[in-house]
Amino acid sequence: MVALQLGGAPAATLGEVKNRADLIIFWGSNPAESHPRHFTRYSGTAKGRMNPNGRKDRHVVVVDIRKTPSVKYSDEFIQIKPGNDYEVFTVMRMIANGHIPDTDMVGGIPLQTLIDLVERCKKARMGVLFFGQGITETKGKHQNSTAIYQFGKDMTKHSKFLTLPMRGHYNVVGSGNVMCWQTGYPFAVNFGKGYPRFNPGEFSVVDLLLRREPDVAVIVAAEPIDHLPYAAAKHLENIPTIVLDPRKTLTTKIAKVIIPVKHAGVSVEGTAYRMDHIPIKMQAVLESPWPKDDIPLSTIINRIKKIRSEEKKTDGGKAA
Amino acid sequence: MGIRIDNGEVIDPIHEEDCVSRSVHIKDGKIVKDAGKDAFVIDAKDCVVMAGGVDIHTHVAGPKVNFARLMTPEDHRYEHITREGGYERSGTGGVAATTYTTGYRYAEMGYTTIVEPAVPPLGARHAHEEMVDIPMLDKALFVLLGNSEIIFQYLEKGEQEKVKEYISWIMDATKAYSVKIVNPGGTNLWKYRGNLSDIDEKLRDFNVTPRQIINSIADAMTELGLPHPLHLHCNNIGLPDSYKTVIATINAMEGRPVHLTHLQFNSYGSSGKRKFNSQVPALADIINSNPNITIDVGQVVFGHTVTITADGPFEYHLHKLGGQKWYNGDVECEDGCGVVPYDYKRKSFVNCVQWAIGLELFLLIDDPWQVFLTTDHPNAGPFMAYPTIIKMLMDKDFRKEQISKISAEAQLEIPLKVLEREYSFYEIAVITRAGTAKRLGMTDKGHIGIGADGDIAIYRKSNDYEEMFSIPAYVIKDGEIVVKDGKVVKQVDGRTYYVKPTTGHADIKSDLEDFFENYYTININNYPVGLEYLHRPQLTPCLD
């Protein structure tokens with residue numbers, strides 16, 4: 001997200017990949033385990049307009065620090081030393097722009113391998129670089145994504161080239177979209193002053209928790225105890241927490257109040273945004289006795305409003 | 001309770017009323033003969049009373065608008081709205097403002113209806129979700145079909161009945177109001193990094209030309225009786241000599257009704273020292289003698305903005321010119337989009353000529369019913385600049401003062417420098433509400449006749465037209481006072497207008513099922529947007 005804000009990106013919906021891409025690169029992403037349907041529906045064996053033979057019409061490259069289960073579905077595996085992605089993309093951008101560095105190896109990869117890869121990207125009908133948490137959650141973080149997007153722009157001088165993040169976590173894209181149209185920002189939004197402010201590094205959840213700033217937490221459809229760094233998650237054990245979740249999780253274990261709710265897309269219909277930002281209507285398939293998320297949330301908000309207005313009345317009386 | 005507006009001067013061009021002193025009665029959300037004895041009375045002394053503004057082309061909702069918001073965080077910091085400031089929902093501003101801010105800001109200028117003109121079918125669900133969060137306004141969206149591979153397949157086989165059937169199906173599936181075409185064929189070629197430069201150039205994957213695309217879709221729309229005709233963003237936008245494409249397109253239309261959108265971006269020639277000049281005189285001549293054509297301007301506003309368009313190859317071109325951020329989002333089987341932030345500068349010769357071209361379109365097209373006020377928000381600038389533009393049209397001294405501030409080289413070359421025309425209130429009412437409503441086929445809007453929607457803007461007369469149109473004394477939406485002295489006093493939610501044409505002449509069900517199976521990544525059963533996504537859905541009937 002921050003990388004997108006910094007420079008933008010060449011992207012497309014996944015159907016474009018299915019119909020036209022003849023070069024697929026998975027970088028720091030292991031779809032065989034993280035996105036098991038991706039390969040068959042969009043990027044590997046899927047047949048499309050210019051790929052009538054599916055897998056045979058595509059060249060698939062996996063770049064990772066280890067031989068992941070995705071490698072066996074690829075034509076080419078390039079092993080990179082951990083934490084060297086930014087350096088390797090910088091060199092690939094140099095190569096793309098006609099500068100060959102005076103070295104044999106970059107980030108554990110022979111220079112000639114990178115020259116060949118860049119050449120393959122330049123010649124592609126449509127090249128697609130999918131990147132995952134091996135890029136976004138390692139040394140360099142959003143700078144790695146920025147380097148990838150810049151590489152995609154460099155490649156666009158030569159060929160159709162897309163750079164697409166392998167977003168995970170059900171409907172994280174939907175959450176980002178709604179935040180964006182309502183506040184202007186996709187995450188790390190602080191309403192403390194009565195209007196939305198954005199500053200990742202200050203207002204993102206980990207930073208807030210590390211500073212022990214929140215004195216109460218409402219947690220909706222999230223698993224912070226499992227997913228956040230220990231030091232940040234620890235603060236949640238010390239403050240009142242209200243957790244809305246249909247399941248028992250590590251977070252419900254520490255909750256002061258648990259409100260069981262319907263599972264969106266399972267027991268209540270709704271809309272979820274796919275990783276390529278296409279909204280999908282979700283049907284309800286199972287019965288559930290619990291309410292939808294918005295019912296307890298609006299009940300809480302209305303109750304707070306009522307208390308606030310009563311407080312105002314009392315204050316007004318005092319002042320008079 | 002009803003409302004009666006007394007002592008105002010009514011300007012209602014649809015009924016040829018020009019500053020007529022009469023009362024206006026509103027009850028149950030509509031203009032009525034008599035609002036009753038208990039009506040709330042607004043004294044509109046020294047005010048003009050117009051219908052609520054109707055914007056025919058403003059990018060305010062949908063996937064690419066949201067990418068524009070995402071990519072301009074720096075721009076949101078300088079303006080915000082709060083509950084403490086009297087608004088029901090907080091938000092941020094800037095050129096790509098948040099949904100709530102957008103609704104409030106439009107209402108505070110006296111606008112009550114807007115059209116989001118460029119939604120790819122796959123983005124319709126998203127656009128409708130956003131439109132629910134735009135308060136104060138009635139809304140509608142146009143669906144993008146100029147790069148639809150389904151239509152291309154039918155065109156290759158000459159199956160016009162199926163094109164028509166598909167348009168009626170897709171309009172229902174997206175709950176659209178009309179159809180827009182953006183760079184017909186060009187955005188499809190961009191999927192191979194290409195574009196096209198001539199309306200008779202063939203595509204790569206399909207034996208089809210832009211001429212065929214626009215004619216086929218325009219014919220289908222006429223036969224389906226859509227209330228708004230083809231809304232067209234021509235090929236070669238933004239390039240020198242793009243005016244030649246406009247002339248070729250107008251000739252290709254052979255008298256069919258068409259709305260040429262943000263024509264400013266297509267009015268460029270390649271003469272002069274800088275090989276870039278205004279060709280408005282030539283285009284205005286043609287438009288003046290072709291009543292089938294309407295245009296909106298896309299007036300450039302100097303300053304920072306963000307460009308967003310389905311014209312993917314144009315956005316890449318713009319990115320290459322200036323090196324700004326660039327987002328590209330091709331949409332499978334349908335269209336594409338690009339987002340590039342941009343600064344229009346008074347010291348840039350090209351930007352100044354663009355700015356002048358917009359005003360020249362307003363001033364050289366004789367009939368105001370053929371030219372409408374837009375900034376192609378936010379492509380040429382934010383809609384919040386409308387009052388300033390109105391002042392430039394109504395006050396030639398102010399306009400000349402503005403001309404004196406632009407690049408000296410541009411001042412010498414622009415046809416604008418000799419234009420003396422000034423718009424009247426009546427003409428302003430045409431280009432901002434009456435003309436747009438009429439062209440949209442929204443018969444309850446843009447006028448103050450009995451039965452019209454109770455959407456009214458009351459402006460205090462002033463010699464400073466910018467101030468006058470920035471701060472309406474009152475704005476009434478559906479019969480309720482929602483803005484007072486240019487400030488929202490009540491939040492209301494508008495309707496979403498859609499059209500559902502029917503044909504029944506061709507069977508395309510199995511074609512569509514095959515197409516979805518082969519080329520889409522979404523199941524056809526999950527594709528249509530249901531009415532549950534629309535707030536206060538309002539079905540507009542087709543023409544007979």
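**Group meeting: how chain A and chain B meet**

In this predicted model, 56 residues of chain A are in contact with 57 residues of chain B, contact meaning heavy atoms within 4.5 Å. The area buried between chain A and chain B is about 4,500 Å²; buried area is the accessible area, taken with a 1.4 Å probe, that two parts lose on being put together, summed over both. Carbon and sulfur atoms give 53% of that area. On the chain A side, R49(A), K160(A) and W181(A) supply 16% of the area that chain A buries against chain B, more than any other three residues.

A word on conventions. Residues are numbered from 1 along each chain as its sequence is written, while chains are lettered from A and ligands numbered from 1 in the order in which they are written. Since the model is predicted, local features need pLDDT of at least 70 and side-chain atom pairs count only at pLDDT 80 or more, whereas totals for chains, interfaces and linings use all residues; side-chain values use heavy atoms, with hydrogens and water left out.

Back to the interface. How many salt bridges does the rule find across the interface of chain A and chain B? There are seven, where a salt bridge is a side-chain nitrogen of Lys or Arg within 4 Å of a carboxyl oxygen of Asp or Glu. In general, side chains of opposite charge can pair when their charged atoms come close. One salt bridge joins E149(B) and R49(A), with the closest N and O atoms 3.1 Å apart.

Residue pairs in polar contact between chain A and chain B, both residues at pLDDT 80 or more, number 38. A polar contact is a pair of N or O atoms within 3.5 Å; within protein, one must be able to donate a hydrogen and the other to accept it, and residues adjacent in sequence count only if both atoms are side-chain atoms. Several elements give two or more residues to the side of chain A that touches chain B, among them α1 (2-7), β1 (10-12), α2 (14-20) and α8 (142-156) of chain A. Helices (H or I, at least four residues) and strands (E, at least two) are DSSP runs, numbered from the N terminus. The largest share of that side, six residues, comes from α2(A). By class, the side of chain A that touches chain B has 23 nonpolar, 19 polar and 14 charged residues. Here Ala, Val, Leu, Ile, Met, Phe, Trp, Tyr, Cys and Pro count as nonpolar, Asp, Glu, Lys and Arg as charged, and the others, Gly among them, as polar.

Strands also pair between the chains. β1(A) and strand β20 (residues 327-330) of chain B run parallel and are joined by three bridges; two strands pair if DSSP finds at least two bridges between them. A12(A) stands opposite D330(B) in β20(B).

D330(B) comes up again in a salt bridge with the side chain of K160(A), at 2.7 Å from N to O. The pair crosses between chains, from strand β20 of chain B to strand β8 (residues 160-165) of chain A. Are these two buried or exposed? D330(B) is buried, at 1% relative accessibility, and K160(A) is buried too, at 4%. Buried means under 20% relative accessible area, exposed over 50%, and partly exposed in between (1.4 Å probe, protein chains only).

Chain A has 14 helices and 15 strands, and its C-alpha trace spans about 80 × 45 × 30 Å along its principal axes. Of its 320 residues, 48% count as buried. Among contacts in chain A between residues at least 6 apart in sequence, 57% join residues at least 24 apart. Inside this chain, E269(A) and K281(A) form a salt bridge at 3.9 Å, N to O. E269(A) lies in the loop between β13 (257-259) and β14 and K281(A) in strand β15, so the pair ties together parts that are twelve residues apart in sequence. E269(A) is partly exposed at 45% relative accessibility, whereas K281(A) is buried at 16%.

Last, chain B. Nine of the nine residues of helix α3 (residues 99-107) of chain B are buried, so the helix is largely enclosed by the rest of the structure. By contrast, K273(B), in the loop between β16 (268-269) and β17 (277-278) of chain B, is exposed at 70% relative accessibility. Leaving out residues up to four places away in sequence, K273(B) touches E409(B) and E413(B). D478(B) and K477(B) form a salt bridge at 3.3 Å between the closest N and O atoms, and both are buried. They belong to a network of salt bridges that also includes K30(B), D138(B) and R536(B).
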